[in-house]
Amino acid sequence: MSANGPNLRRLALLLAGLAMFGPFSIDTIFPAFPSMGADLRADKLAMQQTISVYLVAYALMSLVHGPLSDMLGRRRVILGGLVVFVAASVGCALADDLSTLLVFRAIQGLSAGVGLIVGRAVIRDVLHGDDAQRLMSQVSMIFGVAPAIAPVVGGWLLGWGRWPLIFWFLVAFSTLLLLATWRWLPETLPPQSRLAPSPRRLLRDYAWIALNPRFLRLALAGALNFAALFLYIASAPAFVLDLLRLDERQFGWFFIPMISGMMLGAFVSGRAAGRISGTRLANIGFAVSAVAMLANLAYSALVDAPSVPWAVLPMVFNAFGIALVFPIVTLAILDMYPRQRGSASSLQAFVGLVLNAVLAGVVSPLVSGHALHLAALAAAFMLSGWAFWRWEARRGRTPPACPPAPEAMEPTGQL
């Protein structure tokens, strides 16, 4: 595949779109929580399970998407995931009770990660080094639009009709992605580079990746750092409607500034590729997030009732910092295992998704009613992510241990 001109631009747009339908599945239904709960006779805690069951399924299936793409090719796996997602979204739209909705939300989760997880491997298939960082940042910048506009779109759709209209929108969006992928996504993993199907080798690969201390440091650094932001995303219905006292059509007050910060960070990351080392750029990102978390803690402690814009400004800077860190951590993980990029991407996603599922289903309902509790826990997550990054910065120069079968795994030690 050529690395010049419109091909990469089109690839960036397509991969960003493929990464978007996962966040759209979460964020578009936030404004509909009250009406969905009323129709389905479910309280707030029960409605929160529509997020957690989706994320649990997403996390479990994330372990499969990458290895399947290493064996079958990237394009085939992405197309299959899109077909399943379209069917699951139809089921959600037609659901008339909570149990049925949860079943189809789980099926959505099983398929929604295919674009994001396999898409990362596609980027690393076609580009290397600074060029890969630039494309990863471009995809992140475009993808960042999704969480910002999804709840706004959900609010508008809710104004035009009942909540099933949101799921019909997801059907239409994912169908368009399916057609675009069929038409424009090339196969980036040639047959001679694919791995032979072998459950035993797959389990061995996962064991060696998961038990690699360097992988764990990098994966936890990225997952915990993002958890500081995701805690607020998962708590958005309570944060926006109850704490900020806005209505269903005003989720944009929270999401648009936050994602603007993420898009700006992704833009800066792409521009910095080749000019600033990855380690230094990640250090800057963590520093920006630390300042944001301190400001958030101070504001939450000093005011009785949070309000816009001050309550959301720290989220802007935190998102900016996260966007500087994420491409560096992800590319470092993918470069550790050049023949198992799909598996490495899957396992990285699994670590983050398990944490996010716990946040959405267990932690968020416990702390989302108090602004200071949210701020304190978010700061703790960010600090934990930074601690793992510092650990990696001190010890990550040592090449990771090789497994007994070098032809199956090819770890490298570059950051």
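**The largest pocket**

Reply: Helix H2 (33-40), helix H3 (44-72), helix H12 (236-243) and helix H16 (341-367) each give at least two residues to the lining of the largest pocket. Helices are DSSP runs (H or I, at least four residues), numbered from the N terminus. This is a predicted model: local features need pLDDT of at least 70, side-chain atom pairs count only at pLDDT 80 or more, and totals for chains, interfaces and linings use all residues. Residues are numbered from 1 along each chain as its sequence is written, and side-chain values use heavy atoms, with hydrogens and water left out.

Me: What volume does the largest pocket have?

Reply: A pocket is an open set of points on a 1 Å grid over the protein atoms alone, with protein on both sides within 12 Å along at least five of seven lines; lining residues have an atom within 4 Å of a point. A volume is the space filled by probe spheres set on the points, which are joined across faces, edges and corners. For the largest pocket, that comes to about 300 Å³.

Me: Which residues that line the largest pocket are the closest to its centre?

Reply: The lining has 18 residues. The closest to the centre are Phe33, Lys44, Gln48, Pro237 and Ala238.

Me: How many cavities of 30 Å³ or more does a search of the whole structure find?

Reply: A cavity is a set of grid points where a 1.4 Å probe fits but cannot get out. The second largest cavity has a volume of about 80 Å³. H3 and helix H10 (199-210) each supply at least two residues of its lining. The search of the whole structure finds a total of four.

Me: Is Leu94 buried or exposed?

Reply: Leu94 is found in helix H4 (residues 74-94). Buried means under 20% relative accessible area, exposed over 50%, and partly exposed in between (1.4 Å probe, protein chains only). Because its relative accessibility is 59%, Leu94 counts as exposed.

Me: Is Val83 buried, exposed or partly exposed?

Reply: Val83 also lies in helix H4. Val83 and Thr175 are 92 residues apart in sequence and 8.0 Å apart in space, C-alpha to C-alpha. At 48% relative accessibility, Val83 counts as partly exposed.
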